[in-house]
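Let's take a friendly walk through this structure, one topic at a time. Keep the picture in view as you read.

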There are 2 protein chains.
Amino acid sequence: MGTIENLALAGTGAVTEKRIERRPLHEEVIDQLRDRIVLGELAPGARLNERVLCEQLGISRTPLREAIKMLATEGLVELLPNRGAIVTPLKAARIADTLAVMGALESLAGELACANASESDLAEIRALHFEMLAHHARRELAAYFRYNQFIHMKIIEAAGNPVLTNTYRQLNANVRRARYMANLSQKRWDAAVGEHEEILAALVSRDAPRLKRLLAEHLAHKVVSVMAALASNDVAAA
Amino acid sequence: MGTIENLALAGTGAVTEKRIERRPLHEEVIDQLRDRIVLGELAPGARLNERVLCEQLGISRTPLREAIKMLATEGLVELLPNRGAIVTPLKAARIADTLAVMGALESLAGELACANASESDLAEIRALHFEMLAHHARRELAAYFRYNQFIHMKIIEAAGNPVLTNTYRQLNANVRRARYMANLSQKRWDAAVGEHEEILAALVSRDAPRLKRLLAEHLAHKVVSVMAALASNDVAAA
DNA sequence: ATTTTGTATTATGAATTCAAAATGAGCGCT
DNA sequence: AGCGCTCATTTTGAATTCATAATACAAAAT
């Protein structure tokens, strides 16, 4: 089937950069599983039954197991020797630890972003910010969260340090799971939006010290709300 | 055989908590490979031939491939679709990025360690420090490096944040490879030891701001020496 | 009734097999 | 001689098979 597409493209002469790309199965699988874990579809503590997952994904155990091993080093699943794997339980202490590390990284990112962000980076962040405002105005929590994430990731990326981006992304996956449980109050939601306004302003004016402080405060609030959400339905112990 | 031991123990009544523990093969393999990569035995850019490694390690391809996938998410190897894996090339830019992130983490660690380190943590760090001094006195570079690493890791651990420890450890593995090429000068070596004295003093007196500053300076020097070492024999491009 | 022990079942761990892609050598061609 | 092309070989990707450990269950004994 890919062949036909290629012939068609060859005929046009317009080489769209759409490479054929057959992604390795383990990549496909890891993305699927990661999504399902982050969205809570695979709940914390849930067992990963290889046979079941194989049938659901329509693959054999080999690439599945490779994906599970990779998710384990990402920290999203835990390997229990001879007893398979479970989705890493959401422990309050661990989430708190993760957020602390993310705070340190955001601080670095703020500093670097003020120095290195391109004008187009800023434009994009501003655009995402307005999209987020739109969803806030419409009280669309899920969409708001998504753009909120986009903005934070984009700020990190604007720092221009791929290692930083990667590290942050991995840690983030682990707390995003908790985030989906956090049904933040209207007041807190409004406040968070306000904080984002300030963060954007600090970044645009490339005021690193102020940006760092704002990011730190923003994170501190996030810690409170996430921990509160966890406390309410924290049961998943090891 | 385990049975006999157990019977013998049962007779004594002294139940030593020595569990049998058979580690999964992929763990054994990942440790072996990680060591060989960090020590440079598997050089940056080197291809990982599955058949060859299987024979050397005396295992089948399945656990080997699992280990390789895990090393890939750790960043020590790169996966080239359909063409296997190579040891991640040491690029100066990437190392610099990694060190920047580690700096942010050390800063956090310093703060937390001043607040959370137990007295036994401090005692252990002091002990390691003296071991390091001994190797410095004898001009045993490799042993010095090892204890240097121990000390830094122990400070991180003393912060009492397992996520921080893990994250730092992974990043560290990536730069340690470069470190082995750094044949630092006598003068720099002596200076580094002096810095460690100060770091220890700041930690013992739990002077967080001072410790953070000292760690930052120490890292800055490390950046210089590592980058210099890389520049001299930087060839391994992707 | 409860606990323990033996057995059957199931799930995971690892090796092997099969398939597909990439590499490399030889060959004909211009 | 240089170049591209085909085909054999090698190597990786994925599925399957085999082995072993964990679990569930039933029966027997206390």
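## Grips on the phosphates

In this predicted model, the side chain of Arg83(B) places an N or O atom 2.7 Å from a phosphate oxygen of DNA strand C. For Arg51(A), the distance from a side-chain N or O atom to a phosphate oxygen of DNA strand C is 3.3 Å.

## Around the DNA strand

How many residues surround DNA strand C? There are 18, and the closest are Arg61(A), Arg65(A), Ser60(B), Thr62(B) and Arg83(B). By type, the residues of this surface divide into 8 charged, 6 polar and 4 nonpolar.

Now look from the DNA side. Of the atoms of DNA strand C within 4 Å of the protein, 70% belong to sugar or phosphate, and the rest belong to bases.

## Where the surface comes from

Several elements each supply at least two residues of the surface near DNA strand C: β1 (47-48), α3 (50-57) and α4 (61-74) of chain A, together with α4 (61-74) of chain B. The largest share, 3 residues, comes from α4(B).

## How the two copies are related

Chain B can be superposed on chain A by a rotation of 180° with 0.0 Å of shift along its axis, giving an RMSD of 0.1 Å. The two copies are therefore related as by a two-fold rotation axis.

Why do the copies meet through the same surface? Because 100% of the interface residues of chain B are also interface residues in chain A.

Methods: Residues are numbered from 1 along each chain as its sequence is written. Chains are lettered from A and ligands numbered from 1 in the order in which they are written. This is a predicted model: local features need pLDDT of at least 70, side-chain atom pairs count only at pLDDT 80 or more; totals for chains, interfaces and linings use all residues. Side-chain values use heavy atoms; hydrogens and water are left out. A residue is near a molecule or strand if one of its heavy atoms lies within 4 Å of it. A polar contact is a pair of N or O atoms within 3.5 Å; within protein, one must be able to donate a hydrogen and the other to accept it, and residues adjacent in sequence count only if both atoms are side-chain atoms. Helices (H or I, at least four residues) and strands (E, at least two) are DSSP runs, numbered from the N terminus. Ala, Val, Leu, Ile, Met, Phe, Trp, Tyr, Cys and Pro count as nonpolar, Asp, Glu, Lys and Arg as charged, and the others, Gly among them, as polar. Copies are superposed by least squares on the C-alpha atoms of residues with pLDDT of at least 70 in both. Contact means heavy atoms within 4.5 Å.
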